[in-house]
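Please keep the structure open while reading these points.

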Amino acid sequence: MSKTVDSTGCDLGLIGLAVMGENLALNIASRGYSIAVFNRTTSVTDAFTGGRGKQPNVVGCHTLPDLVAALKAPRKVMMMVKAGPAVDELIKTLIPLLSKGDVIIDGGNTLYSDTERRTKEVE
């Protein structure tokens, strides 16, 4: 049974709409979860939400604050971006927008030592 996005917000936020991000978003939405999506290039977000992702439980966001605002608490944000400095920059941008208890998931191919370092930094 599919649910639509209501005033309580989306179940998950996803950042990065390349091939893997798009397909993951579609998979999540197909399971009845609501998902807010963001890509740094807004035309990519618009193309996805106007095409394959045009569904009641997929919400396109043009800014990271909009993405975070679209989520129900505790917020869960999955990053599907290129491993390396881009992940660090994205985390730095997200931290002030999130609250204690929110979760950031790095879905990229990150070196384990970077994950360990980032975990200590955000906790």
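1. Overall size. This is a predicted model. For a chain of 123 residues, a compact globule would have a radius of gyration near 14 Å, and the protein chain has 14 Å, so the two agree. Along the principal axes, its C-alpha atoms fill a box of roughly 40 × 30 × 25 Å.

2. Order of elements. The protein chain contains five helices and five strands. Followed along the sequence, they give the pattern β-α-β-α-β-α-β-α-β-α.

3. Contacts along the chain. Take the contacts between residues at least 6 apart in sequence: 61% of them join residues at least 24 apart.

4. What share of the 123 residues is buried? The figure is 39%. The protein chain exposes about 7,100 Å², and 57% of that area is supplied by carbon and sulfur atoms.

5. Charges. There are 14 positive and 13 negative side chains in the protein chain. The centres of these two sets lie 3 Å apart.

6. Strand E1. This strand covers residues 12-15. Which way do its side chains point? Leu-12 and Leu-14 point one way, while Gly-13 and Ile-15 point the other way. All four residues, Leu-12, Gly-13, Leu-14 and Ile-15, are buried.

7. The partner of E1. Strand E2 spans residues 35-38 and runs parallel to E1. Four bridges join the two strands. Within this pairing, Leu-14 of E1 stands opposite Val-37 in E2.

Note on methods. Residues numbered from 1 in each chain as written. Predicted model: local features only at pLDDT ≥ 70, side-chain atom pairs only at ≥ 80, totals over all residues. Heavy atoms only, no water. Rg over C-alpha atoms; globule rule 2.2 N^0.38 Å. Buried < 20%, exposed > 50% of the residue type's maximum accessible area, 1.4 Å probe, protein only. Contact = heavy atoms within 4.5 Å. Areas by Shrake-Rupley, 256 points an atom, 1.4 Å probe, with all protein chains shown as cover. Lys, Arg positive; Asp, Glu negative; His and termini not counted. Charge placed at Lys NZ, Arg CZ, Asp CG, Glu CD. Pairing = 2+ DSSP bridges.
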